[in-house]
Amino acid sequence: MKVLVLNGPNLNLLGKREPEIYGHTTLADIESMVREKAKGMAVEVEFRQSNHEGELVGWVQSARDGFSAVLLNAGAYTHTSVALRDAIAASPVPTIEVHLSNIYAREEFRHKSLIAPVCKGQISGFGAHSYVLGLEAACNLNAR
Ligand code: DQA
C-alpha cells in the first residue's frame, strides 16, 4: 500500500512560521514521524509540498496511478480552492483532510473547508500528530 502525503502553501515554513500556532516542528520532522509510523505498518509513503494550487491539483489527479490514499493538508487552499475540491471529487482515491491546528477554534474564515465534503474525513488540531492519525485512518480504510 502506498500513501501520498500532500502539503500546501506555507507548510514549507513550519518551524519558523507562527510557532505559537503551528509549533516548532518542521515539515522534515513531520515527514520523519510519518515515515517512522509507516515503517511499522508496512506502508510506503511519498511526501510532497507545493505553494502552487495547480501543482497540488495535478498531484491529486495523478494519485490514481499507484496510490491507495491521499493525506492532504491543503493549507489556506482548504478555504478557497474549488479547483482542489473538484480534483478530489473526481478522484477514485480516498483523500483524508489533515490540519495541524484546530481550524474551528480559529478565525471564522477558517471554519469553512471547501474540501471537507469531498474528503473521506478530517483530522484537525493535533499538531504534527494529525498526520500520524491521518496515516492510521488511511490504512484503516484500506483494511475495510
Ligand atoms: C492549516 C490551517 C489553515 O487554515 C492554514 O491556512 C494553514 C495550515 C493547518 O494545518 O492547521 O496553512 O492547514
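Reader: Hi! By class, which residues make up the shell around the ligand?
Author: The shell has 4 nonpolar, 5 polar and 3 charged residues, where Asp, Glu, Lys and Arg count as charged, Ala, Val, Leu, Ile, Met, Phe, Trp, Tyr, Cys and Pro as nonpolar, and the others, Gly among them, as polar. This is a predicted model, where local features need pLDDT of at least 70 and side-chain atom pairs pLDDT 80 or more, while totals for chains, interfaces and linings use all residues. Numbering starts from 1 along each chain as its sequence is written, and side-chain values use heavy atoms, without hydrogens or water.

Reader: Nice. Which residues surround the ligand?
Author: Among them are Arg-17, Tyr-22, Asn-73, His-79, His-99, Ser-101 and Arg-110, each with a heavy atom within 4 Å of the ligand.

Reader: And what lies 2.9 Å from a ligand oxygen?
Author: That is a polar side-chain atom of Arg-110. Arg-17 also places a polar side-chain atom 3.0 Å from a ligand oxygen, and a backbone N or O atom of Ala-76 lies 3.2 Å from one; the cut-off for such N or O pairs is 3.5 Å.

Reader: How much of the ligand does the protein bury?
Author: The protein buries 99% of the 320 Å² that the ligand exposes when taken alone (Shrake-Rupley, 1.4 Å probe).

Reader: Switching to the backbone, what is the phi of Asn-10?
Author: Asn-10 has a positive phi of about 75 degrees, though it is not a glycine. Most residues other than glycine have a negative phi.

Reader: Is Asn-10 buried or partly exposed?
Author: Asn-10 is partly exposed, because its relative accessibility is 34%, between the 20% and 50% limits (1.4 Å probe, protein chains only).

Technical notes. Polar contact = N/O pair within 3.5 Å; in protein donor to acceptor, adjacent residues only side chain to side chain.
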